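Good morning, and thank you for the time on today's agenda.

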Amino acid sequence: MIRKDDCYRIGCIGKPHGVKGEITFHFSDDVFDRVNADYIVIEVEGILVPFFIEEYRFRSDETALMKLDGIDTQEQARELTNSEVYFERSLSDEDEEPTMAAIVGYRLFVDEDGTEIGEIIGIDDTTANTLFEVKRADARGKNPVLIPVAEEFIKGIDNDKREIRVALPEGLLEL
């Protein structure tokens, strides 16, 4: 059984394309292509199900047309529309720095004293400055707190523990 904690979200299924079961896949991370994955994981009725990839081709930097094994009709493809797509963390290239999509679920710690700030629940890249959306570990402040994703703040990333250590300007967490 595939656990959600062992995966990270990489996109969602769009509308069917054609009549032979091909789907439109809107992705935020092309890890399936970088590591030449055999399958992707799709959430179907709350259960994570692996679907083997027969073939795919890119339509843009954020969209691919994909044919999945066992999805052979437009009706079958339509049943997957709007389903969330995940990728198993263990299949990611460990030598690479994690992508923004892959770090959702990591915990953030203050580098100086090891105090936990909270868990990264999302990435806001709608502005010029990308932000971590962090659910606070303590009861202080409003959830989520927004923390800039800046190289000078990040002091270390431990992919095995799924932790990031940061040094933040004084007062940033009180905003």
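Is Phe58 buried, partly exposed or exposed? Please keep in mind throughout that the model is predicted. The relative accessible area of Phe58 is 37%. Since buried means under 20% and exposed means over 50%, Phe58 is therefore partly exposed.

Let me place this residue. Phe58 belongs to strand 4, which covers residues 47–58. If we set aside the neighbours within four places in sequence, the contacts of Phe58 are Phe27, Phe32, Asp33, Thr63 and Ala64.

I turn now to the chain as a whole. The secondary structure consists of 2 helices and 12 strands. Read from the N terminus, the order of elements is β-β-α-β-β-β-α-β-β-β-β-β-β-β. The C-alpha trace spans about 55 × 30 × 30 Å along its principal axes. Of the 175 residues in the chain, 38% are buried. As for contacts between residues at least 6 apart in sequence, 51% of them join residues at least 24 apart.

How are the strands arranged? A barrel is closed by 6 strands, in the order 1-2-5-4-3-6, with antiparallel pairing. From one strand to the next, the twist averages 45°. Strand 4, where Phe58 has its place, is a member of this barrel. Consider also the pair formed by strand 1 and strand 6, the latter being residues 84–88: the two run antiparallel and are joined by 5 bridges.

My last topic is the largest pocket. It holds about 570 Å³ of space. Its lining comprises 22 residues, and those nearest the centre are Arg9, Ser28, Met100, Ala101 and Val104. Two elements, strand 1 (7–17) and strand 8 (116–124), each give two or more residues to this lining. Which of them gives the largest share? That is strand 8, with 4 residues. Sorted by class, the lining has 9 nonpolar, 9 charged and 4 polar residues.

To close, I return to the opening residue: Phe58 is partly exposed, and among its contacts are Phe27 and Phe32. Thank you for your attention.

Terms used:
Residues are numbered from 1 along each chain as its sequence is written. This is a predicted model: local features need pLDDT of at least 70, side-chain atom pairs count only at pLDDT 80 or more; totals for chains, interfaces and linings use all residues. Side-chain values use heavy atoms; hydrogens and water are left out. On a 1 Å grid over the protein atoms alone, a cavity is a set of points where a 1.4 Å probe fits but cannot get out, and a pocket is an open set with protein on both sides within 12 Å along at least five of seven lines; lining residues have an atom within 4 Å of a point. Grid points are joined across faces, edges and corners, and a volume is the space filled by probe spheres set on the points. Ala, Val, Leu, Ile, Met, Phe, Trp, Tyr, Cys and Pro count as nonpolar, Asp, Glu, Lys and Arg as charged, and the others, Gly among them, as polar. Two strands pair if DSSP finds at least two bridges between them. Axes are lines fitted to C-alpha atoms, for helices over the stretch in contact, and angles run from 0 to 180 degrees between N-to-C directions. Buried means under 20% relative accessible area, exposed over 50%, partly exposed in between (1.4 Å probe, protein chains only). Contact means heavy atoms within 4.5 Å.
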